[in-house]
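Colleague: Please take a close look at one part of this model and describe its packing. One connected answer will do.

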Amino acid sequence: MADKGPRRLKLIKREVEPAAWLAWLKKAWSDLWDPEQGRPGLEWAVLLALGAFLSLLAAASPWSKGNFGHLVGLFFVSVLLLRVVYRTWFTRLELRTGALVAKDRIFIVLAVLLGAFLMRGYGLFAGALAGDQTEITLAALVFGAPLCAGPLLTTLFMGPRAGMVLAMVNGGLSALAWGQSESLFVYFLLTGVIAAHQVKGGATRSSLIRAGSVSSLTGMAVVTAIALLQGWFISVDYLVALLASGASGVLGGVLAAGFVPLCEITFGYITDFKLMEQSSLDQPILRELMLQAPGTYHHSLVVGSLVEAAAKEIGANHRLAKVAALYHDVGKLKKPAYFVENQFGGINRHEKLAPSMSSLILTSHVKEGVEMAKKHRLGQPIIDIMAQHHGTRVIKFFYSKAVECRKSAGQNPPDPEAFCYPGPKPQTREAGLVMLADTVEAAARALDNPTPSRLQGLVQTQVNTVFAEGQLDECELTLKDLHKIAKSFYTILNGIFHQRLEYPQVQEKGKKSHADTDKQPAAGAADSRTGSKEQTATGLRRLGMH
């Protein structure tokens, strides 16, 4: 027995070691991409590896002995350039996706590598072309490198500032690779910045190509200025460089448009292109919602209109807000008959249920909607809004009903948390907008005689109630924004519930008006009742209503 003890301890130790190593690797990986809690050594290791890789791609003949000093110089300059740009600009940027997270850092590294590969591949192509044609030089062809593809993609996913910083990195690497330090740095910096600036408001894939075309025009102007400055304006090199710069931006836009779907799938980014596709009412989940829960479908359409208009007023992402509003209640597809907008005056199934069970059914549509959104890959921003659009609000109707039931039974009131939505509270302006629009639209549907003054009072009351409950404490909506939102909601709802004039009935000579329903029929009309009923029944059968 004494011999088996130590062996057993050794076996346990061997079983624990892999788990310990796995935990260490996970912590090291998380430290690597967390600049606040990370280890500088690991961050430097990635920069050194990336710098070495870039220097090998940028060097013309990296394995020749005579270029060793040049290779070492490229390595140190690349590492310092990446380090300075990353720590001073990228980590302090206000990105479109919010705070800089791990996937954003990985994307930045891949964007830099994409520029390096394009530089290397185009350099080989240009060198072969210049070698075959004696009249064309490599110095003129390098202006055709499609390096604006990286800034275009970075702007699309992370914002224009990140794209402009990447343009500066591309300019520095191209100057190191091809030796024309001043001219190439200025050329690729300006073309990349212009491309990033032009694509920031694009909503279609063709906008990338248009942004690349504008970048080409800028590049042609820069090439002309460089040729005048360096004295080769009247030469074949100028014409070649002009044509190359004209093609570079268009080619970069085409490459960026081709990489967009791959980046969306790999990194889970939500672009305006994807939002435009998801806003189509032909999407399978929306078609199912229209057929299975038509009341919820119409409610979502109205909420989408309210949110889109309000988002434009306060400068929020109106496309994201509208798409999230269209999908925010898809969880009701699991039990559509338990929601009042789908009952159409029929049986209310909650009458036979306990208030706690009714509350559980209502709150479950949030969780079920999130699961359906993940299944259909709607994207994390939309999933987050779906989870937050009710916040932690109490279902007041069933809570009051439960209080009355407990009171009549002589028991203590129930815990309000049992009748609350799971949350969290809205974290973004778009999520706050969906919450407000959802609340206002539902209240407007229950309003009797929706006159303009009553609609205005209802909107103001609902917005103030949500604000007073503290549901908007964690999003960035200001009081000024809430005023604009309430005004926008009132305008849209007033258009939906507008009053219509009663049109006068036009009587033909010898015929009776349909509006005179309070008068008794003529004496001979009684004999024709049977035929009228038969004609009515036949018409209803034709309409499919009998």
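**Helix packing**

Modeller: The buried residues of helix 16 (380-388) pack against helix 11 (272-278), helix 14, helix 15 (355-375) and helix 18 (429-445). Those buried residues are Ile382, Ile383, Ile385, Met386, Ala387 and Gln388. Buried means under 20% relative accessible area, exposed over 50%, and partly exposed in between (1.4 Å probe, protein chains only); contact means heavy atoms within 4.5 Å. Helices are DSSP runs (H or I, at least four residues) numbered from the N terminus. The model is predicted, with local features needing pLDDT of at least 70 and side-chain atom pairs pLDDT 80 or more, while totals for chains, interfaces and linings use all residues. Residues are numbered from 1 along each chain as its sequence is written, and side-chain values use heavy atoms, leaving out hydrogens and water.

Helix 14 (residues 318-327) also meets helix 13 (residues 294-314): their axes (lines fitted to C-alpha atoms over the stretch in contact, with angles from 0 to 180 degrees between N-to-C directions) come within 8 Å and cross at roughly 165°. Helix 13 is therefore roughly antiparallel to helix 14 (over 145 degrees). On the helix 13 side, the contact is made by Ser300, Leu301, Val303, Gly304, Val307, Glu308, Ala311 and Lys312. Helix 14 supplies His318, Ala321, Lys322, Ala325 and Leu326. By class, this contact of helix 13 with helix 14 has 7 nonpolar, 3 polar and 3 charged residues.

Turning to cysteines, a search of the whole structure finds 0 disulfides (cysteine sulfur pairs within 2.5 Å). Cysteine 148 is buried, at 6% relative accessible area, whereas cysteine 420 is partly exposed, at 21%.

Conventions
Helix = DSSP H or I, 4+ residues; strand = E, 2+ residues; numbered from the N terminus. Parallel < 35°, antiparallel > 145°, perpendicular 65-115°, else oblique. Nonpolar A, V, L, I, M, F, W, Y, C, P; charged D, E, K, R; others polar.
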